[in-house]
Amino acid sequence: MIRVVLVDDHELFRAGVRGELGSRIEIVGEAGSVTEATPLIRELDPDVVLLDVHLPDGGGEAVIAAVAQERPGVKFLALSVSDAAEDVIGVIRAGARGYVTKTISSEELRDAVARVAEGDAVFSPRLAGFVLDAFRDGARVGDDAELENLTAREREVLQLIARGYKYKEIAARLHLSVKTVEAHVSSVLRKLQLSSRAELTRWAHERRLI
Amino acid sequence: MNQIPVLPFERSGHDRVVAGVCGGIASTLGVDATLVRLVFALLSIAGGAGILLYFALWAYDGGRRTWPAIVLIAAAAASLLVALGLSGAGVLGVGLLVAGLVVILVRGGSIRQEGSLPKLAIVLMVIGAVTLLDHVGASNSFIGPGAVVGTLLLVLGPWVWQLWRDHQERIRLQERADVAARIHDSVLQTLALVQRHADDAPRVSAIARRQERELRRWLYGSGVGDAVTLADALAEAATEVEELHGARVELASAGDLPLDESLEQLVLAAREAMTNAAKFSTADEISVYLEANGDQVAVFVRDRGIGFDRAGVPADRRGVAESIEGRMRRAGGSAAVVSSPGSGTEVELTLPRAAQ
């Protein structure tokens, strides 16, 4: 059983999620704001927090910043209808293990929660597109070139995610195991979070399309 | 305080000695007319103030000629002050101060919305204060300048503050009006449509998704109107397909370009691929990915539907051959269709970009 705290200010959306998470996932707490969510997560210490990118008194980023240090075991999965790159990249860089849009199907949401609970990363096609765009301009040298660039394989995996392929389909297509695909995605996530690329932030601000 | 109350005074038509002014006052105040006449007579001894006041009220006459009346009242007040022993300069000082206050009051307190700077009032009050203090014989040389500064602060301070607040307020109201108009044109219309088609689930979800896209583009995108970039144009095409055929289109992109003629052809080909997927594949979701980099633009349209055998498509079904492959060829690009029965379809459209 995966214990989940749901943080979203839309009661209607929370009710919807409650109804579709199925038997493997239990919602142990719900909050509608940063102020409510922070003590709740500290107290309940859930496996996964489903986190709205936008909250009335701050963003998902604020929740992660407030509890991540004390509760390193808690995984965050960002959920949003807003797909402004700035918000998405912001919450990922704050420490979320993935990002999915609220239009995701119930089955995919269950799958994403399970994946994040196991420590994997979950990228929606849109996020994959954002990341490819942000890391687009070729190789760069620097103190930490490994962090600043995506490998050819990582690019390939991300591109297939953007094209709508599931991990299993990507594995079959690239003749890899699903575990390897997951490892590539996790590696991209790590780069996204640790990269010092100044461009990443600037890019996210400038990127106003879609 | 903000407006001068209009006195209900009118000259009396029947109880009159000269022009009916005293009779009018008497009937307005409900006192004996003789008493009023006595007061006026006494005031007339004091430097002729009563006579001037009489003419002022005659001129005023129920608010018909306000300005002459004010001038006359000012003159009456001045002669009264002179009669009370104040020198000419002192009277002038008091008069200017009062005039300044009147200007401010007439303008509704000087600090109302859209209030322009009551320059006249400031000038009048400053001169008045200086004149009066000078006359009263302030030996301390600080008082004059101090009075000037004090007056300026009193009048200008609230005015500047109010102006700033008004400015903020106006910006806020403007933004609210824009948002309200937008919500009305889009969200409210959509909600009405949703209510009307409540029993038609695919339709409702297509309408909702279209609205979501529009709203998102407005909130985070480049604005409204016809698409000017490739990604915007693809988003529009995706919305049209969703509306017409009820499938869900998930759009992702990396990179974007300003729309030109060959890119428009690319969008049309992609739209055709989406339409085919929505109509024939039976999949309820279509993934579209746009990748634009320096030397090539690629669009992938993918579904997980029933797929088809390319060889089995009759030659007279010209959709794929003409609308997708032919169109891409003419635009200088190419199209590849990967599909087999049971495993979905992916259409890959590529268009090389001349190095610029």
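In chain B, E291(B) stands opposite A298(B) in strand β3(B). This is a predicted model, where local features need pLDDT of at least 70, side-chain atom pairs count only at pLDDT 80 or more, and totals for chains, interfaces and linings use all residues. Residues are numbered from 1 along each chain as its sequence is written, while chains are lettered from A and ligands numbered from 1 in the order in which they are written.

Start with the strands around that pair. Strand β2 (residues 285-293) of chain B runs antiparallel to strand β3 (residues 296-303) of chain B, and eight bridges join them. Two strands pair if DSSP finds at least two bridges between them. Strands (E, at least two residues) and helices (H or I, at least four) are DSSP runs, numbered from the N terminus.

Now widen the view. Chain B has an open sheet of five strands in the order β1-β2-β3-β5-β4, with mixed pairing. Its edge strands are β1 (248-254) and β4 (334-339) of chain B, each pairing on one side only. Direction ignored, neighbouring strands of this sheet are turned by 15° against each other on average. Helix α9 (residues 230-245) of chain B packs on the sheet and touches β1 and β2 of chain B. The direction of α9 makes about 170° with that of β1(B). Such angles run from 0 to 180 degrees between N-to-C directions, and axes are lines fitted to C-alpha atoms, for helices over the stretch in contact. Contact between two residues means that their C-beta atoms, placed from the backbone, lie within 7 Å.

Turn to chain A. An open sheet of six strands has the order β2-β1-β3-β6-β7-β8 in chain A, with parallel pairing. At the edges lie β2 (25-31) and β8 (122-123) of chain A, and each pairs on one side only. Strand β3 (residues 48-52) of chain A pairs with strand β6 (residues 75-80) of chain A over five parallel bridges. Here the bridge partner of D52(A) is L79(A) in β6(A). Next, β6(A) runs parallel to β7(A), joined by four bridges. S80(A) stands opposite T101(A) in β7(A). Two bridges then join β7(A) to β8(A), also parallel. G98(A) has V122(A) in β8(A) as its bridge partner.

Helix α5 (residues 106-117) of chain A lies across β1, β2, β3, β6, β7 (98-101) and β8 of chain A, at about 150° to β6(A). Helix α2 (residues 34-44) of chain A lies across β1 (2-7), β2 and β3 of chain A, at about 140° to β2(A).

How do two helices pack? Packed helices are described by the angle between their axes and the distance between the axes. For α2(A) and helix α3 (residues 60-67) of chain A, the angle is about 35° and the axes are 10 Å apart. The contact uses V34(A), A37(A), T38(A), I41(A) and R42(A) of α2(A), with A62(A), V63(A), A66(A) and V67(A) of α3(A).

Finally, where is A78(A)? A78(A) has its place in strand β6 of chain A. A78(A) is buried because 30 other C-beta atoms lie within 10 Å. The cut-offs are 20 or more for buried, 12 or fewer for exposed, and partly exposed in between, counting other C-beta atoms, placed from the backbone, within 10 Å of the residue's own. Leaving aside neighbours within four places in sequence, A78(A) is in contact with L51(A), V53(A), G60(A), V91(A), A96(A), G98(A) and Y99(A). A78(A) and Y99(A) are 21 residues apart in sequence, yet 4.6 Å apart in space, C-alpha to C-alpha.
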